Amino acid sequence: MSRFTCKLYTIASNKCHLTYTEPIIVTVKTVTPPFTEHLITGTLVFTVFTAVLGSFQFGYDIGVINAPQQVIITHYRHVLDVPLEDRKASNNYAVDSTEEMPGTPYLTSSTPTPWPEEESLEVSGLVTMLWSLSVSSFAIGGMIASFFGGWLGDQLGRIKAMLIANILSLAGALLMGFSKLGPSHILIISGRGVSGLYCGLISGLVPMYIGEIAPTTLRGALGALHQLAIVTGILVSQIIGLDFILGSHELWHILLGMSAVPAVLQSLLLFFCPESPRYLYIKLDEENKAKKSLKRLRGGADVTKDIAEMRKEREEATSEQKVSIIQLFTNSSYRQPVLVSLMLHMAQQFSGINGIFYYSTSIFQTAGLSQPVYATIGVGAINTVFTALSVFLVEKAGRRSLFLIGMSGMCVCAIFMSVGLVLLNKYTWMSYVSMVAIFLFVSFFEVGPGPIPWFMVAEFFSQGPRPAALAMAAFCNWTCNFIVALCFPYIADFCGPYVFFLFAGVLLAFTLFTFFKVPETKGKSFEEIAAEFRKKGGSARAPKAATEMKFLGAAETA
């Protein structure tokens, strides 16, 4: 800002008189163009793109197992020497083909209806178990590795940690890619488990890295690209999993091994990405290296402000004591927030969304669709679109409000889904009710229950307990994911077309819990959030300390 004074005089001749004016003070404010506050540089774009390739692999691994489901099951039967007639193989293949097929009046499980003359119930149960493990072993790996993402990033640095994680991704892809040449069920289950280990690490590393390299004003938008890349990976896996692309009897193993492509690409590009300046400064005390990294990311702009923010963050981090996972449950100040955090993640996973993601082809087949795989791709497209829209919705509305809207909408959709499946045999048009309900179900999920739990867990806790709380939440999320993946085919067998009535009841219970127990966190300090917890829990005891909450980006988890 500049400030100067000037005196104005009017000199007159004999026809004019002399005019004098008082000193005028002129204030000139130097305005920084808006774009310099959130400058997007080529290095930043390149680095974020490289990082979210890991998120893309995550999504690809989630969705890739769905489309070739019946083809893989047929191969399992072949490997296990279960005799199959041509009609059985044709029946299995038809589920994922694009040719006309009749609808069925009841909900099928993830395995085809057993033919008594061809196989015993024991073998049928074995195939069901192997397929469930093929899906759920991925969650087992993620569950184990979710505890170690932050630790690995702190020990090796963000870049090296992602490179090490890619070794797991390549190993899993190779196991699945060569599964057709050996005992396919063993190789696929092992490969899915190893890929799950990779995804468990990357689910913490990618949001952490993006949050640390992004300018403050862009942290939310860039952080949301993690979730967007995941759903994009799901959609791509569904498209190339079509039977005339890679989902055929001849090429399904290549489809499973394709996750090696983004792993190799990311590994090569990571060598050209700068290390996280926050890691360099806060963890290693390398101020010069941090400045160099920041200048690369900011395009040579002044980084004094960023360094000052990191210096303050480092002082706060060193002054606040770390909290262990055990202390989260034994300390009364943390107990209620951590229990609410776990309930939010349980609500996300037990909502039934993964039942749709993992078994959507079977569900659409039951709904009477002649081409169920295309409908599954439609679900992936809707998922991607609403994930992008949720970025703007989260910035406008409160977290609690969006979560309640999403859960309530999913509850209603689950009821209509089951009603459509129950009455499908009487009214053929009910298939459209079920399909519309599925699309709306996914839309409501991405509005609230999809992204919101990670926001709220991070906002419930200050710097000290936050890492332990996020690790516990991630473990809970992966554990519930595993339970759903393992149990859904058996639940579908037992409940038939009524299965989503069960999920509707679960959704209603979690909606009521959210309404009565979960506080709003948007724009509130830790002291205000703690006061809300005391109010909802009936406690009047004040917290030991309060720290003003800084806004956390859309996908920031550390």
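Helices α16 and α22 cross in a right-handed manner (a crossing is left-handed if the near helix is turned anticlockwise from the far one by less than a right angle, and right-handed if clockwise). The model is predicted, so that local features need pLDDT of at least 70 and side-chain atom pairs count only at pLDDT 80 or more, while totals for chains, interfaces and linings use all residues. Residues are numbered from 1 along each chain as its sequence is written, and side-chain values use heavy atoms, with hydrogens and water left out.

**Exercise 1. The chain as a whole**

Task: State how many helices and strands the protein chain has, and what percentage of its residues count as buried.

Solution. Step 1: The chain contains 24 helices and 4 strands (DSSP runs numbered from the N terminus, H or I of at least four residues for helices and E of at least two for strands). Step 2: Of its 558 residues, 53% count as buried (buried is under 20% relative accessible area, exposed over 50%, partly exposed in between, with a 1.4 Å probe and protein chains only). Step 3: Among contacts with a separation of 6 or more, 79% join residues 24 or more positions apart (contact means heavy atoms within 4.5 Å).

**Exercise 2. Helices α16 and α22**

Task: Determine how α16 and α22 are oriented and which residues make their contact.

Solution. Step 1: Helix α16 covers residues 332-349 and helix α22 covers residues 466-495; they pack at an angle of about 30° with axes 9 Å apart (axes are lines fitted to C-alpha atoms, for helices over the stretch in contact, and angles run from 0 to 180 degrees between N-to-C directions). Step 2: α16 is therefore roughly parallel to α22 (angles under 35 degrees count as roughly parallel, over 145 as roughly antiparallel, 65 to 115 as roughly perpendicular and the rest as oblique). Step 3: On the side of α16, the contact involves Leu342, His345, Met346, Gln348 and Gln349. On the side of α22, Met472, Ala473, Cys476, Asn477, Cys480, Asn481 and Val484 take part. Step 4: Sorted by class, this contact holds 7 nonpolar, 5 polar and no charged residues (Ala, Val, Leu, Ile, Met, Phe, Trp, Tyr, Cys and Pro count as nonpolar, Asp, Glu, Lys and Arg as charged, and the others, Gly among them, as polar).

**Exercise 3. Helices α6 and α7**

Task: Describe the angle, the handedness and the contact of α6 with α7.

Solution. Step 1: The axes of α6 (residues 149-156) and α7 (residues 158-177) come within 7 Å and cross at roughly 125°. Step 2: For that reason α6 is oblique to α7. Step 3: Their crossing is right-handed. Step 4: From α6, Leu152, Gly153, Asp154 and Leu156 meet Arg158, Lys160, Ala161 and Ile164 of α7. Step 5: The classes are 4 nonpolar, 1 polar and 3 charged residues.

**Exercise 4. Single residues**

Task: Locate Ser136, Ser259 and Asp285, and decide whether each is buried or partly exposed.

Solution. Step 1: Ser136 belongs to helix α5 (residues 121-145). With a relative accessible area of 0%, Ser136 is buried. Beyond four places away in sequence, Ser136 touches Phe482, Ala485 and Leu486. Step 2: Ser259 sits in the loop between α10 (252-257) and α11 (260-270). Its relative accessible area is 1%, so Ser259 is buried. Step 3: Asp285 is in the loop between α12 (277-283) and α13 (287-298). Asp285 is not a glycine, yet has a positive phi of about 60°. Its relative accessibility is 44%, so Asp285 counts as partly exposed.
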